[in-house]
Amino acid sequence: MDNKNFEKLVIEAEKAMNNAYAPYSNFRVGAAIMAADGRIFTGCNVENSSFGLSICAERSAVFNAVLNGCKKFVALAVFTDTEEVTEPCGACRQVLSEFCDDLDIILATPHKQKTEKLSDIFPSGFMLKK
Ligand code: THU
């Protein structure tokens, strides 16, 4: 994917971050995932009084895409208003790997950007084989 599309994805992830519900951690995360057909779906973290029920921005973006009929992705942007970029947690890496052969990931803050591949940060995910 080219830089222009990366930039668009980062802008959508920043917008999504502004909808995060994170009163317990005060750590707001936005994600935007681009499907193979070019459509973009966003997600944010949504926390709960019962902490374990909280969901990360990356998984909420994937579930938003799937419920809209998209199951193949090419790129993901994760945005946080922090000094350092935020890496996707292990649970989100596993969920992303279900739907991607490989995925370009852009981690962004207002000051920094880092790109990586899902295959580099999550090389041997679980796949159910019977
Ligand atoms: N969080 C995400 O949304 N994505 C990640 O990759 C890491 C953590 C959220 C979950 C929780 O609402 C807050 O950040 C602090 O852990």
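Ala, Val, Leu, Ile, Met, Phe, Trp, Tyr, Cys and Pro count as nonpolar; Asp, Glu, Lys and Arg are charged; the others, Gly among them, are polar. Note that this is a predicted model.

**Exercise 1.** Sort the lining of the largest pocket by residue class.

Step 1. List the lining: Ser97, Cys100, Asp101, Asp102, Leu118, Ser119, Phe122, Pro123, Ser124, Gly125, Phe126 and Met127.
Step 2. Apply the classes. The lining holds six nonpolar, four polar and two charged residues.
Step 3. The largest pocket has about 150 Å³.

**Exercise 2.** Describe how the protein holds the ligand's surroundings: which residues surround the ligand?

Step 1. Find the shell. Ser25, Phe27, Val29, Asn45, Glu47, Cys56, Ala57, Glu58, Glu87, Pro88 and Cys89 surround the ligand.
Step 2. Classify the shell: six residues are nonpolar, two polar and three charged.
Step 3. Look for polar contacts, with N or O atoms within 3.5 Å. A polar side-chain atom of Glu47 is 2.5 Å from a ligand oxygen.
Step 4. Check the burial. Alone, the ligand exposes 380 Å², and the protein buries 77% of that.

**Exercise 3.** Compare the protein's radius of gyration with that of a compact globule.

Step 1. Read the fold: four helices and five strands, in the order α-β-β-α-β-α-β-β-α.
Step 2. Take the extent. The C-alpha trace spans about 40 × 35 × 25 Å along its principal axes.
Step 3. Compare. A compact globule of 130 residues would have a radius of gyration near 14 Å; the protein has 14 Å, so the two agree.

Definitions and conventions: Residues are numbered from 1 along each chain as its sequence is written. This is a predicted model: local features need pLDDT of at least 70, side-chain atom pairs count only at pLDDT 80 or more; totals for chains, interfaces and linings use all residues. Side-chain values use heavy atoms; hydrogens and water are left out. A residue is near a molecule or strand if one of its heavy atoms lies within 4 Å of it. A polar contact is a pair of N or O atoms within 3.5 Å; within protein, one must be able to donate a hydrogen and the other to accept it, and residues adjacent in sequence count only if both atoms are side-chain atoms. Accessible areas come from the Shrake-Rupley method with a 1.4 Å probe; for residues, only the protein chains shown count as cover. On a 1 Å grid over the protein atoms alone, a cavity is a set of points where a 1.4 Å probe fits but cannot get out, and a pocket is an open set with protein on both sides within 12 Å along at least five of seven lines; lining residues have an atom within 4 Å of a point. Grid points are joined across faces, edges and corners, and a volume is the space filled by probe spheres set on the points. Helices (H or I, at least four residues) and strands (E, at least two) are DSSP runs, numbered from the N terminus. The radius of gyration is taken over C-alpha atoms; the globule rule is 2.2 Å times the number of residues to the power 0.38.
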